[in-house]
Amino acid sequence: MKRVKMGALAALLSGTSLLALAGCGTTTPTTTAAPVKQHTLVVIPGLNGAFADNFNPYSSSALSGTLGLIYQPLFYFNLVGPQVYPLIGKSYQWSNGNKTLTVTLRPDVKWSNGTPVTVNDVVYSFDILKKFPSLDTSGIWTHLNSVTAQGTNQVVFQFNSADVPFGQFVLDDVYIVPEKIWSTYANPATVTNPNPVGTGPYLVDSFTAQAYTYKANPLYWGGEPKVKKLQYLDYSGNESATLALASGKIDWTDLFFPHINRVYVSKDPQYNHYWFSVGGTNMLYPNLKNPILSNLAVRKAISDAINRTQLWKVGEYGYEKPATPTALILPPEKSWQDPNLPAKDTQFTYSPSKAIKLLESAGFKRNAQGIFTTPSGTPLSFTIDVPTGWTDWDTDCSLMAQDLKQIGINATVQELSFGAYYSNITTGNYQLAMSWSGAGSTPYYLYQSLLEPKNPGNFEQWSNPVTTAALNQYRTSSNLAVQRQAIYTLEKAVAQNLPAIPLIYGATWFEYSTKYFTGWPTAQNPYAQPAPYNYPAEGIVLTHLTPRS
């Protein structure tokens with residue numbers, strides 16, 4: 001609760017008394033300052049249904065805000081802008097041929113119970129992942145050899161081999177917990193942790209299955225947040241959540257719904273806003289073990305036949321723009337684009353006629369049904385896998401199937417349950433599939449996911465010595481110039497070989513109201529990922545907000 005500053009109030013009352021004395025010769029009665037109640041910021045953290053009381057940072061079902069508002073990592077790397085935010089960590093340095101990472105901690109950080117954060121707490125937060133491997137979901141200890149304290153304010157991470165980009169997982173994907181509390185649990189995975197103690201900007205205030213609240217942490221090392229109270233509400237239906245948002249009951253959410261300007265913005269255009277930042281590149285993955293799809297001419301023909309503008313305008317309601325041949329996530333990764341890339345590698349051209357000529361030049365001929373066939377007579381006929389119920393992707397795939405049929409490729413959309421779909425793309429049991437791609441603070445994370453042999457995100461099963469060498473060149477160097485040259489090699493390889501075919505950019509849904517609070521991230525000021533499910537960015541956003549005066 002926000003209160004009027006007593007010094008300012010005293011001065012005001014003093015002036016009022018003097019005026020009163022001068023005007024009528026009487027004294028002013030004693031006045032007690034009334035508290036000024038600040039609006040509680042209301043959040044829908046996705047469509048969840050009833051909440052379960054769980055603030056365990058190691059649990060996949062932990063409540064939104066557990067990571068970022070209560071518990072923090074050492075740093076936060078912004079994925080939509082260039083910022084790197086020191087949190088519990090103050091600075092870091094690579095040495096020993098990029099096999100040693102030394103982190104200097106921020107001084108005077110306290111746990112929310114008032115005790116100081118120590119270097120031993122940080123070391124313990126990594127040791128617990130080694131002791132309980134099921135908690136190590138990022139595979140931290142497959143890369144680290146040791147984590148040790150150095151003096152009273154430094155932690156030294158020894159890697160098995162040079163892996164600079166994985167250092168980011170060490171720095172921003174491990175949440176620091178107090179050793180004195182967590183070392184008492186026989187099995188940390190089973191703890192619900194209803195009274196969490198962290199370093200973040202908020203404390204748990206109350207909990208019910210329908211709503212839970214946070215309040216500002218007065219001991220937060222960054223200063224007590226200006227947003228004093230948050231309320232998270234449970235909505236299981238998109239329609240009811242959308243109505244609540246449009247009627248001004250919600251300040252922050254991440255809903256998807258068509259026609260957002262009509263449904264939401266127009267209801268209160270002064271305050272209702274949205275920003276759908278780019279969250280990744282959505283691809284059409286060809287199974288490269290398929291002898292026809294392994295033919296580059298076929299992949300190029302498929303790409304030329306796809307009307308990406310139609311995917312953007314129709315399938316995605318104008319929300320997700322066409323991607324580019326390099327698959328770079330633009331605009332955030334614009335600075336990584338090779339300035340010498342030829343124009344054909346910077347923008348796709350929709351050209352069914354070019355696609356047909358490519359297939360004809362590669363020796364494919366049409367059969368009586370107008371479908372291209374291989375020289376041995378095998379028709380170019382493929383299924384496109386997509387999760388059922390993902391309405392925008394389902395529409396995208398139907399549009400692509402129509403595009404391909406127009407150039408003589410028979411394509412059939414196969415809508416599957418998510419489990420069956422995910423099993424297919426991760427085991428190579430598919431022909432074509434629409435899916436997401438990796439992302440990170442630099443293009444390396446996209447390309448590593450897409451191109452590294454045996455990587456879980458390499459759905460298409462690409463393997464090439466040139467791209468593998470470029471990935472290794474980036475991985476082993478902390479020199480920005482060396483890393484940049486490696487990225488140039490990778491983006492050229494993707495644009496020219498289309499191991500996966502970039503389609504459109506995936507959006508991060510984010511709606512917000514400026515009626516009570518200002519300072520939200522925008523396209524003009526992309527200081528943090530904007531959705532309330534983006535952690536630890538959620539805490540970064542809240543500490544940037546200011547109550548509207």
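# Reading a predicted model, feature by feature

Guide: The secondary structure of this protein comes to 16 helices and 22 strands, and what we are reading is a predicted model. Along the principal axes, its C-alpha atoms fill a box of roughly 105 × 55 × 45 Å.

Visitor: Before we turn to single residues, what share of the residues counts as buried, and how much of the accessible surface belongs to carbon and sulfur atoms?

Guide: Of the 549 residues, 52% count as buried, and the accessible surface comes to about 24,100 Å², of which 52% belongs to carbon and sulfur atoms. As for the contacts with a separation of 6 or more, 69% of them are accounted for by residues 24 or more positions apart.

Visitor: How should I read the burial pattern of a helix, and which residues of α14 are buried?

Guide: The general idea is that an α-helix has 3.6 residues a turn, so residues three or four places apart point the same way. In helix α14, which spans residues 465–475, the buried residues are Thr467, Ala470, Leu471, Tyr474 and Arg475. They lie on the same side of α14 because they cover an arc of only 135° around the axis.

Visitor: Which elements do the buried residues of α14 pack against, and what is found at the start of α14?

Guide: The buried residues of α14 pack against α13, residues 444–451, and α15, residues 480–497. At the start of α14, a side-chain oxygen of Asn464 comes to within 2.8 Å of the backbone nitrogen of Val466.

Visitor: How many salt bridges does the structure hold, and is Lys344 buried or exposed?

Guide: The structure holds four salt bridges, and one of them joins the side chains of Lys344 and Asp345 at 3.4 Å, N to O. With 58% relative accessibility, Lys344 counts as exposed, while Asp345, at 3%, counts as buried. Another salt bridge is formed by the side chains of Glu224 and Lys228, at 3.3 Å from N to O, and there Glu224 is partly exposed, with a relative accessible area of 41%.

Visitor: Turning to the backbone, which peptide bonds are cis, and where do their prolines lie?

Guide: As a general rule, most residues other than glycine have a negative phi, and most peptide bonds are trans. In this model, the peptide bond from Leu330 to Pro331 is cis, with omega near 10°, and Pro331 lies in the loop between α9 (308–315) and α10 (352–361). A cis peptide bond also joins Tyr535 and Pro536, with omega about 0°, and Pro536 lies in the loop between β21 (517–518) and α16 (537–542).

Visitor: Which residues form a nonpolar patch on the surface?

Guide: Trp390, Phe418 and Tyr422 form this patch, with about 270 Å² of accessible area together. Of these, Trp390 lies in the loop between β16 (381–387) and α11 (391–406) and counts as partly exposed, at 30% relative accessibility.

Visitor: Finally, how far apart are Gly114 and Phe348 in sequence and in space?

Guide: Gly114 and Phe348 are 234 residues apart in sequence and 56 Å apart in space, taken from C-alpha to C-alpha. Gly114 has its place in the loop between β5 (100–105) and α3 (119–131), and at 29% relative accessibility Gly114 counts as partly exposed.

Key
Residues numbered from 1 in each chain as written. Predicted model: local features only at pLDDT ≥ 70, side-chain atom pairs only at ≥ 80, totals over all residues. Heavy atoms only, no water. Buried < 20%, exposed > 50% of the residue type's maximum accessible area, 1.4 Å probe, protein only. Helix = DSSP H or I, 4+ residues; strand = E, 2+ residues; numbered from the N terminus. Arc of directions from axis to C-beta. Contact = heavy atoms within 4.5 Å. Polar contact = N/O pair within 3.5 Å; in protein donor to acceptor, adjacent residues only side chain to side chain. Patch = residues over 30% accessible without salt bridge, like charges linked within 9 Å, V, L, I, M, F, W, Y side chains within 5 Å. Areas by Shrake-Rupley, 256 points an atom, 1.4 Å probe, with all protein chains shown as cover.
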